[in-house]
Amino acid sequence: MPSTARAVRAALLAALATAAGTSACGKSSAPLGAATDAAARVYVAPGQYDELYAFMSGGFSGNVTVYGLPSGRLLQQIPVFSQYPEKGYGYNEETKAMLNTSYGFIPWDDAHHPQLSITDGKADGRWLFINGNNTPRIARLDLTRFETDEIIEIPNSAGGHGSPYLTENSEYAVSATRFAVPEPQQDMSIRDGKFGGMLTFVKIDPKSGHMSLAYQIHVPGYDYDLARSGKGPSRDWSFFTSYNTEEAKTLLEANASQKDKDYIAAVNRKAAEQCVAQGKTKDWNTPYLHNLVGEDGIARSETIKSEKILEVADCPGVLYFLPTPKSPHGVDVDPTGEFIVAGGKLATTIPVHSFSKMVKAIADKAFDGDVGGIPVLKYDAIIAGEVQNPGLGPLHTEFDGKGYAYTSVFISSEIVKFSLTDFKVVDRIPTYYSIGHLMIPGGDTEHPYGKYVIALNKITKDRYLPTGPELTQAGQLYDITGDKMKLLLDFPMTGEPHYAQALPASILKDKSLKTYALATSTDPYVTKSEKDVKVVRQGNKVHVYMTAIRSHFLPDNIEGIQVGDSVFFHVTNLEQDWDVPHGFAMLGAQNAELLVMPGQTRTLVWAPLRPGIYPFYCTDFCSALHQEMQGYMRVSAKGSATKLAWNGGAGALK
Ligand code: RUQ
Ligand code: CUA
């Protein structure tokens, strides 16, 4: 083990042992390090609303969770990159296409960084974007419905980690390939092959939110980790951290930690846009998928095979390297747009670059040579300050808008607060344990809401009742209104929490959709009234146009189904009252349930295997007679003379 890695590991174990020791000695009932009035500060009385919505990445659950703050109450799970049987997401006919990729249907991803859409650098409550890390993708969620509406795959990439990190008016989402790979992909020696990297810019339509690939910048084969787009004076720039500038292919823990400094790649988007407009790009045609929910509520996939690739040599001024110690992870831009804070995982200081100095250094050509034609700026010419004694393993930084920055420090398990005036540490507080990201509501925008910081911890150890080898993931809420941070609350979270975003509830809550309008539904499979229910056979496909309303389905008796048929249940929920979904589940269906919102139509496919009588029922407790909300399907042998018949509408069954 190399000495840095050994030191890091020893420090981690020591930090965990100290922290665990403190609470193991009988103090576990006293809130460990919590403010004395913590209970009152996070208590939201029954029937009262929380002050903030928080959107948390579900990490390896692939989804997004919605919490209320300050209570830490879980309000909703929004499926994004992973199938979610509770809502039928990725199982029903309307949403399956959302999970299509150029690699086929993929039922899972690892979701990392939620990003609220912004206008003038402030959350506008329209959409939430989040990246898929394993098979690089960016998703867009609609925040009136809390549903995933769009997923775009990022071609020529492997590991879409540094993403989506929007620009000041949500013009672009970005993505960086974390793993260097052959660009374009091809068979070559791992050891001797020359790998590359790719920085991707995805255009977001300001009205519809629809995403399209704008251009990709071909860069050296480093590991690009995280990103941020600038704001204010730096609004036309995007920044990406890289590690492994050693371009090691094996045992990176040692081999990618050789150099003192790696780089932040600074991209001038205006220069890039100009080169694209001047036709200086090359056309590549790696296939990628774009999945979009249409006006009719149905997701469809389109395969696209066209990318505009920008070679740095063809576009001078588009990219500069900012030397940054040492295997940096996060890169974060303060609310004024002047400071670019890096989290050097193995660095002994937190380097803070100055945007204005960077611009001057570029004008003065204050370069330390170049790599592959990319100018490397002189470290001393761009650095604004170095935060001394920041703790071990700084990762991510958020801002309170009052001139302070808050950095998560993984190995020493703490949040460190420092001044953006003199770069001195002014406060620090332990986290339990091994904090990854942290989030101040609005703390990555030009207008932080402030008030709280949330630690998104990787390890919980002794903080909760043990639940076997796998313990719950955790967030911790701290008050940051005073000089000293105060711990208020621990709350469990779903999946591994990576990043999170929050905004005042007042921006969203009145926009929340209550029902889908049945009268104006354009779903091709909608049934708008009970008199229209029907069953239609097309070869061995049988379409059941079914309605649900408290407390029955219609038709609820169907005969004439045969083994070998595929039965499509198109279930329309006729309700137009808020909070009255109906569910649908079928004995032996090799599928999830349907959960159908008021006014919505959802489709489940069932392929009966054996003759018999098969009940179905409503899965969502909708009324006093919910248990009565059931029906039967009669399945006959293939070729049987039993006629197709049903009750309701023009059906012949009585
Ligand atoms: S990462 S713990 Cu996936 Cu955002 Cu830094
Ligand atoms: Cu409908 Cu229960």
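Ala, Val, Leu, Ile, Met, Phe, Trp, Tyr, Cys and Pro count as nonpolar, Asp, Glu, Lys and Arg as charged, and the others, Gly among them, as polar. The model is predicted, so local features need pLDDT of at least 70 and side-chain atom pairs count only at pLDDT 80 or more, whereas totals for chains, interfaces and linings use all residues. Residues are numbered from 1 along each chain as its sequence is written, ligands are numbered from 1 in the order in which they are written, and side-chain values use heavy atoms, with hydrogens and water left out.

**View 1. The shell around ligand 1.** His112, His113, His161, Leu226, His329, His396, Gly436, His437, Lys458 and His498 surround the ligand (near: a heavy atom of the residue within 4 Å). Of these residues, 8 are polar, 1 is nonpolar and 1 is charged.

**View 2. The ring pair Phe584 and Phe616.** Rings of Phe, Tyr and Trp (its six-membered ring) pair if their centres lie within 6.5 Å; planes under 30 degrees apart count as stacked, over 60 as edge-to-face and the rest as tilted. The count comes to 27 aromatic pairs. The centres of Phe584 and Phe616 are 5.3 Å apart and their planes stand at 40°, so this pair is tilted. Phe584 belongs to strand β41 (residues 582-586) and Phe616 to strand β44 (residues 612-617), so the pair ties together parts 32 residues apart in sequence (strands: DSSP runs of E, at least two residues, numbered from the N terminus). Phe584 is buried, with a relative accessible area of 0%, and Phe616 is buried at 1% (buried: under 20% relative accessible area, 1.4 Å probe, protein chains only).

**View 3. A cluster of rings.** Phe553, Phe569, Phe584, Trp606, Tyr614 and Phe616 are linked into a cluster by ring pairs.

Note on methods. Helix = DSSP H or I, 4+ residues; strand = E, 2+ residues; numbered from the N terminus. Buried < 20%, exposed > 50% of the residue type's maximum accessible area, 1.4 Å probe, protein only.
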